[in-house]
Amino acid sequence: MADAEVLLSLRKIVKGFGSQKVLSEFSLDIFDGEFFTILGPSGCGKTTVLRLIAGFEQADSGQILLDDADIAAVAAEHRPVNTVFQSYALFPHMSVAENVGFGLRMAAVTKAEIKQRVAEALAVVKLSGFESRKPHQLSGGQKQRVAIARAIVMKPKVLLLDESLSALDHKLRQQMQMELKQIQRKLGITFVYVTHDQEEALSMSDRVLVMNHGQPQQIGSPREIYEAPRNMFVADFIGEINVFDGVVEAENDELSYTVNIGGVKKVAGAEFRLEVGDEVHVLLRPEDLRIEYIEDQPKDEQGFLGKVLERSYTGKTIDTLIALENGNTLRASEFFNEDDPDFDYSINQRVWVSWIDGWEHVIKAGPLE
Amino acid sequence: MTKNGLANVLSFRQLVITLTLGWLMLMVIAPHALVIMTSFMTPDSEHLAVWPLTLQGYQKVLQPIYFDVFFHSLWLSAIATVVCLIIGYPFAYILAKQPPWARAVMLVLMMVPFWTNSLIRTYAIKLILGKKGVINSVLVGTGIVDQPITMLYTEFAVIVGLVYVLLPFMVLPLMASFEKLSADLTEASKDLGANALQRFVHVVLPLTAPGIIAGCLIVFLPAMGMFYVADLLGGAKNLLLGNVIKNQFLVVRDWPFGSAFSITLIVMMAAMLWLYVIANRFVQRQGGLDDENL
């Protein structure tokens with residue numbers, strides 16, 4: 001995405017509802033042709049961002065640039081932007097074909113062209129042959145597809161999706177995630193997807209913006225967001241995370257430090273300069289932790305001692321809850337391997353926890369930015 | 001539950017059903033049976049209605065003069081219904097858009113006058129519209145007109161009276177329709193490029209059609225029978241069907257004819273209600289209004 005051009009740009013957007021300020025000086029660039037996801041807990045302002053782009057809300061101040069033209073004052077019906085609503089918002093009194101063709105009809109496109117484009121759009125969402133059905137005769141997944149077809153038939157510059165998959169059951173949702181991604185790639189339309197589901201965000205997006213309390217927390221590829229969270233909010237919100245609090249004791253090399261975690265010294269790499277004495281969080285994903293028998297602990301390697309609290313089999317992995325002697329609780333997730341005798345621990349068994357140097361991620365402690 | 005308890009419940013249920021059925025028999029079915037019977041009897045100035053059975057009453061209903069009354073009545077009621085719809089539709093829309101507390105206040109404000117007897121309120125309209133009424137006093141007093149305008153005892157007055165009495169019956173079903181109309185749908189139509197007029201014609205109007213049909217029927221049907229409104233405000237010329245019936249009973253004392261006329265009116269209303277049910281079923285099937293997403 002390095003050479004991509006900025007298609008949509010929000011600049012210093014301020015938006016409040018009554019006395020409650022939702023966005024203050026919010027800025028965001030979205031590239032042409034990317035699948036962009038805004039991820040955050042409910043009430044973080046993500047839906048407001050979407051509604052501002054769609055034109056359903058007006059910003060108190062700030063600019064919304066689409067192709068370098070300010071559209072902040074353009075009414076929703078004149079923006080080259082379409083929305084897939086969370087509730088689908090299909091017109092109940094119209095057939096599938098009438099729903100999909102609605103926007104074209106409003107734009108006074110000829111009947112023959114409407115028919116052809118509706119058929120194409122329905123083919124994209126794999127609903128050919130459903131033209132004459134009414135929305136109440138469709139399943140949730142089919143309604144979802146009609147809502148997508150109704151938006152893509154307009155060939156918008158930006159397609160907005162508001163928690164569009166949240167009403168579907170797990171299996172269907174996963175299938176739709178794949179299909180959405182395929183549709184996006186096929187049509188080359190810029191997608192802006194809003195969700196509170198981190199798994200959805202990671203699996204579909206080119207880039208993800210994590211938001212909290214109206215503030216952008218981190219923007220980056222799903223991999224960056226997951227493996228290198230910039231602060232504790234992002235680390236906590238995306239997946240499971242184990243946190244070790246420590247103090248920088250020495251600088252070994254450039255961006256390599258010795259961190260003292262409650263008496264245990266670990267070498268940790270950082271992505272930014274730290275000073276000796278800085279308080280840091282050393283973060284590890286459950287799948288990056290290693291659990292070992294006490295007797296296997298090498299004399300020269302330091303690790304954390306604890307005992308197994310709980311074990312649970314999830315099919316793909318075995319998850320272990322470990323109470324450390326320093327009072328922390330860790331969660332480790334290991335791929336199941338019947339041939340590995342080391343893999344068998346019983347509850348209350350004392351174990352030794354470590355990780356491969358370099359798999360950790362370090363952030364500065366202190367208040368969230 | 002013990003056997004005894006079950007028996008008690010059963011007897012309580014029987015009591016309730018008996019009471020309800022008894023009330024219905026006494027207050028609804030018996031009077032209607034009497035009216036139906038009377039409509040087939042022979043008029044008699046002394047005993048009101050006597051044997052033998054005859055179709056004279058219904059023959060009188062078919063006299064041309066009553067066609068005129070019928071159509072005039074239909075016309076007045078139709079105009080009143082249309083006016084109610086024109087006033088009630090935006091009113092219901094605004095009501096439905098309010099936060100719950102504001103809606104409750106506005107509904108109460110609308111309903112409060114209706115706790116007063118409608119006859120008394122019709123007298124009040126008479127005072128307002130009269131030659132020396134409030135409106136004419138203001139118009140003459142401010143010099144806008146020289147002579148008071150004749151408003152009372154005209155079609156206009158009857159329509160004002162009907163609209164005033166019947167407006168809430170238009171607003172309530174419309175409001176229910178607007179409440180069901182999800183904001184997502186109007187936003188979706190806006191999103192797809194529909195301007196205000198297109199949104200109204202293609203989305204709002206079809207989806208509030210059930211409310212429009214229900215409201216029109218609930219206003220139109222009673223409007224034809226509101227004899228006191230025509231009596232007080234309409235003068236001799238602007239009769240409603242209700243006036244004809246009232247006059248047959250109280251003035252002409254031709255009870256069989258009055259009864260025959262009542263039965264005719266009831267049958268017509270039933271026919272319209274039946275049409276309503278058909279139309280409603282059609283609209284719902286068209287609109288898929290039973291859809292959970294609405």
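Me: At what angle do helix α7 (residues 155–180) and helix α9 (residues 196–225) of chain B pack?
Reply: This is a predicted model, in which local features need pLDDT of at least 70, side-chain atom pairs count only at pLDDT 80 or more, and totals for chains, interfaces and linings use all residues. Residues count from 1 along each chain as its sequence is written; chains are lettered from A and ligands numbered from 1 in the order in which they are written. Axes are lines fitted to C-alpha atoms, for helices over the stretch in contact, with angles from 0 to 180 degrees between N-to-C directions. The axes of α7(B) and α9(B) lie 8 Å apart, and the packing angle is about 160°.

Me: How are α7(B) and α9(B) oriented to each other?
Reply: Angles under 35 degrees count as roughly parallel, over 145 as roughly antiparallel, 65 to 115 as roughly perpendicular, and the rest as oblique. The angle here is about 160°. α7(B) and α9(B) are therefore roughly antiparallel.

Me: Which hand has the crossing of α7(B) and α9(B), and how many nonpolar residues are in the contact?
Reply: The near helix turned from the far one by less than a right angle is left-handed if anticlockwise, right-handed if clockwise; this crossing is right-handed. Contact means C-beta atoms, placed from the backbone, within 7 Å; among the residues are F169(B) and M170(B) of α7(B) and G211(B) and I212(B) of α9(B). Ala, Val, Leu, Ile, Met, Phe, Trp, Tyr, Cys and Pro count as nonpolar, Asp, Glu, Lys and Arg as charged, and the others, Gly among them, as polar. The contact has no charged residues, four polar and 15 nonpolar.

Me: How is helix α5 (residues 118–129) of chain B set against α7(B)?
Reply: Their axes come within 10 Å and cross at roughly 140°. That makes α5(B), relative to α7(B), oblique.

Me: How many charged residues are in the contact of α5(B) with α7(B)?
Reply: α5(B) passes α7(B) in a right-handed crossing. R121(B) and T122(B) are among the residues from α5(B), and Y164(B) is one of those from α7(B). By class there are six nonpolar, three polar, and charged: one.

Me: Which helix gives the most to the side of chain B that touches chain A?
Reply: The contact takes 23 residues from chain B and 21 residues from chain A. α8 (183–191), α9 and α12 (255–287) of chain B each supply at least two residues of that side. The side of chain B divides into nine nonpolar, eight polar and six charged residues. With six residues, the most comes from α8(B).

Me: How far apart are the C-alpha centres of domain 1 and domain 2 of chain A?
Reply: Bounds come from an automatic or database domain assignment. Domain 1 is 6–236; domain 2 is 242–294 + 301–364. Their contact takes seven residues from domain 1 and five residues from domain 2. The centres lie apart by 39 Å.

How values were computed:
Helices (H or I, at least four residues) and strands (E, at least two) are DSSP runs, numbered from the N terminus. Two residues are in contact if their C-beta atoms, placed from the backbone, lie within 7 Å.
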